[in-house]
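Hello,

Here is the structure I promised to hand over. Please look through it first, then read my notes below.

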Number of protein chains: 2
Amino acid sequence: MGNAGVDVAGIGNAIVDVLAQADDAFVADQGLSKGTMNLIDAARADRLYGAMGPGREVSGGSAANTIAGVAHLGGTGAFIGKVRDDELGRIFRHDIRAAGVGFETAPAVEGAPTARCLILVTPDANRTLCTFLGACLELGPEDVDETLIAGAKVSYLEGYLWDPPRAKEAFLKTAKVAHEAGRQTALTLSDPFCVDRHRAEFRALVDGHIDVLFANEEEICSLYEVDSFDAALQAVQGRCRVAALTRSEKGAVIVGDGQVHVVDAEPVEQVVDTTGAGDLFAAGFLFGYTHGHSLYDCGRMGAIAAAEIISHFGARPEARLDRLIAEKVA
Amino acid sequence: MGNAGVDVAGIGNAIVDVLAQADDAFVADQGLSKGTMNLIDAARADRLYGAMGPGREVSGGSAANTIAGVAHLGGTGAFIGKVRDDELGRIFRHDIRAAGVGFETAPAVEGAPTARCLILVTPDANRTLCTFLGACLELGPEDVDETLIAGAKVSYLEGYLWDPPRAKEAFLKTAKVAHEAGRQTALTLSDPFCVDRHRAEFRALVDGHIDVLFANEEEICSLYEVDSFDAALQAVQGRCRVAALTRSEKGAVIVGDGQVHVVDAEPVEQVVDTTGAGDLFAAGFLFGYTHGHSLYDCGRMGAIAAAEIISHFGARPEARLDRLIAEKVA
């Protein structure tokens, strides 16, 4: 990265995904609600892993996926997150660095192993996530590299970080350092249950600390406790500089600069696995945002990146997104 | 599995694959010849892993892939192979059991870690394999479960086992136990360089210990040191009960019962990754062979299973092979 400062610094849970195919009955038998993210403890993680099908391990983590996407697009990025000094931790570190992302957070040398997210992919390409946070619980404000944050155009935070207790402090420190340096912050609400767990805090956060908010329809409705997308759209206006609201196949609505932009979803031939759709939307959007594009074009870049990621297994890009975007966005 | 005896017992290297996309220049820069399997030591594995792109980890191993394929087809299978009691070892054990394969080999509790195969997949869907054998070097005759082998219709051995020194003894013990129980043995030659390393021993093995031989064109030509497929075909006749010779898009030739059968390749819409093509051909063939099908139909089943595996990343089946075969083979 050098001293120049990166486009986007991400802070989030450092997780290795374990993806397996499953049918709806298996998801129900495990007491899981399809399409949700569930926090599970070590014992439940062992039981679920023992019962689920053959897996494939791929580095994940919501914000980590986003930063890998920014780098894939030709932007510069760095990530802050906690692994253990174990085999999955080495896999995570290798993969994010090999994706061109700076990653210097010291691994934990004791305690729980590297986090893993057991992902059940059903035949409808939906996914149910069960996250064992493991070493992520060790992330604290001492892990925030102030020089990195002060130099980053945008510091991007995942709502999931509100679950591990000390990560909040890292989160608030990051926002403070960024704003004192005249930089911007971005937040993704992560998932509707995450919003349920932390609604009051998230509202205060959006009002006081966040410039760019990412949320899907369910999340933004949950945040403002409203029943319709339009009501949520009215509620979020004026709360932060930009809100990028995604609606799956209905596209996205971008609110900012006193305007509302409607962006259609990018067509996808076959939806294989929706894991990472929101993460890659944020990647495309933030790449555009840190490179001076209009809010509408940022939304288009997000939609194109999201379409690529759902056309194959896994949450990190395979196709050359930079070329796709160069072809499709003027 | 119960006491009834399995259709196919496999013995081979227990390996977790680490697949990454790479271009031809990267393969050449690493001093590798595209499309080959290379044995590498721990230091070289670390260097190559550090240089290669983001990976996805999927359980592999040639014979292990074959047995997982047999189980996927509705057959019964068990696998013998050595992992270490580490994280990749637990991933390997989970994945093969979750595929419905019996796996009871005790893990090594000291020494090198679980084997990994760094696989570089180039844009032409070819793959270059670099295998760090690790714990596989600990496999010995004491790991051969005599009851399992005596009960299995076919015991299937991979040529790669000729590399770790004590595995040969396990290999020969398996053949002896199988034949004393009136069962059959099968061998895959694995790859042409493996044949180069062990040509004389492989010839003696085929003549003295093997009922069903699997080889691709390069391997069978290397075994008999001839320049044409037809010359190899003539050379192998009478050497073993059945020889199944594969030729990629040219299909396969099956020699046995005094007859020669020509089987066309199954059409594939898009070849994504040829990893596991030979392994799954053997799976389809052995499933048919242990269920009383004609040699021609065994070859067709092999071709269909191989076509499925090369249409996606990774060497273990994703589509329901049993249905594919039921549709296509009378």
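**Notes on the model**

The face of α8(A) turned away from its buried side carries five exposed residues: A200(A), E201(A), A204(A), D207(A) and G208(A). Helices (H or I, at least four residues) and strands (E, at least two) are DSSP runs, numbered from the N terminus.

Before you go on, note that this is a predicted model: local features need pLDDT of at least 70, side-chain atom pairs count only at pLDDT 80 or more, and totals for chains, interfaces and linings use all residues. Residues are numbered from 1 along each chain as its sequence is written, while chains are lettered from A and ligands numbered from 1 in the order in which they are written.

**The other face of the helix**

Helix α8 of chain A spans residues 199–209, and its buried residues are F202(A), L205(A) and V206(A). They sit on the same side of α8(A) because they cover an arc of only 95° around the axis. That arc is taken from the directions from the helix axis to the C-beta atoms. An α-helix has 3.6 residues a turn, so residues three or four places apart point the same way. What covers the buried residues of α8(A)? The cover includes β10 (184–188), α7 (192–197), β11 (212–216) and α9 (217–224) of chain A.

**Strands**

Next comes β12(A), residues 242–246. Four of the five residues of β12(A) are buried. β12(A) runs parallel to β11(A), joined by five bridges. Here N216(A) has T246(A) as its bridge partner. β12(A) also pairs with β13(A), residues 252–256, in the antiparallel sense over five bridges. Strands pair if DSSP finds at least two bridges between them. A243(A) is partnered by V255(A) in β13(A). The hairpin of β12(A) and β13(A) has five residues between the strands, and S248(A) takes a positive phi near 50° there.

**Where the chains meet**

In total, 19 residues of chain A are in contact with 19 residues of chain B. Contact means that C-beta atoms, placed from the backbone, lie within 7 Å. On the chain A side, β4 (56–59) and α4 (87–98) are the elements that give two or more residues. α4(A) gives the most, with six residues. β4(A) pairs with β4(B), residues 56–59, in the antiparallel sense over three bridges. There, E57(A) has E57(B) as its bridge partner.

Best wishes

Notes: Contact = placed C-beta atoms within 7 Å. Buried ≥ 20, exposed ≤ 12 C-beta atoms within 10 Å, placed from the backbone.
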